[in-house]
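The sequence and the model are shown first.

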Amino acid sequence: MLLIAIIIPLLIAGWVASDAKKRGYNQGAIVAWFLGVWLVLIVFLPLYFILRPRSMGQTRPTIGTYVCPYCGNLYKEKVPFCPYCGRRLEEDGG
Ligand SMILES: [Zn+2]
C-alpha cells in the first residue's frame, strides 16, 4: 500500500509542523521541517527532536534543601528563622 507509506509520514509531518509553530519557528522553517519529515522521515524526525527548542521546561523549584515545617517554603541555608513566615526554626536545645 503505497498510499499508507505517504499518508502516515504526512500526518507525522503535520504534527511536526504544528509543533514547530508552537515553538516559534518562522514560516520557512516550518515548511522545511514539514517537507523534510514527510520525505525523509527516518532522518528528519529524530533530527527535529534533537534540534527543537526545549519547551517550557519542567524547571523544578529547587531553591533550597531545607523546608520550613510551618509554612512549607524551601530555603537555602540553615537559618534560625524562616525567611518566609519568620517562625523560629532551630529546635529548642535546652
Ligand atoms: Zn516558614
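In this predicted model, residues 24 or more positions apart account for 21% of the contacts with a separation of 6 or more. Of the 94 residues of the protein, 9% count as buried. The protein has three helices and two strands, and along the sequence they follow the pattern α-α-α-β-β.

**Helix pairs**

| Pair | Axes come within | Crossing angle |
|---|---|---|
| α1 and α2 | 8 Å | roughly 155 degrees |
| α2 and α3 | 5 Å | roughly 135 degrees |

The axes of α1 and α2 cross at roughly 155 degrees. An angle over 145 degrees counts as roughly antiparallel, and α1 and α2 are therefore roughly antiparallel to each other. The crossing of α1 past α2 is right-handed. On the α1 side, the contact involves Pro9, Leu10, Ile12, Ala13, Val16, Ala17, Ala20 and Lys21, which meet Ala29, Ile30, Trp33, Phe34, Val37 and Trp38 in α2. By type, the residues of this contact between α1 and α2 are 13 nonpolar, no polar and one charged.

Helix α2 covers residues 27–39 and helix α3 residues 41–51, and their axes cross at roughly 135 degrees. α2 and α3 are therefore oblique to each other. α2 passes α3 in a left-handed crossing. From α2, the contact uses Trp33, Gly36, Val37 and Trp38; from α3, it uses Leu41, Phe44, Leu45 and Tyr48. The residues of the contact of α2 with α3 comprise seven nonpolar, one polar and no charged.

**Nonpolar core**

Which residues make up the largest nonpolar core? The set has eight residues in all: Ala13, Val16, Ala17, Ala20, Trp33, Phe34, Val37 and Phe44. Both α1 (2–22) and α2 supply at least two residues of this core. α1 gives the most, with four residues.

Leaving aside residues up to four places away in sequence, Trp33 touches Val16, Ala17, Ala20, Phe44 and Tyr48.

Technical notes. Residues numbered from 1 in each chain as written. Predicted model: local features only at pLDDT ≥ 70, side-chain atom pairs only at ≥ 80, totals over all residues. Axes fitted to C-alpha atoms, helices over the stretch in contact; angles between N-to-C directions. Parallel < 35°, antiparallel > 145°, perpendicular 65-115°, else oblique. Left-handed = near helix turned anticlockwise from the far one by under 90°. Contact = placed C-beta atoms within 7 Å. Nonpolar A, V, L, I, M, F, W, Y, C, P; charged D, E, K, R; others polar. Core = buried A, V, L, I, M, F, W, Y, C linked by C-beta atoms within 7 Å. Buried ≥ 20, exposed ≤ 12 C-beta atoms within 10 Å, placed from the backbone.
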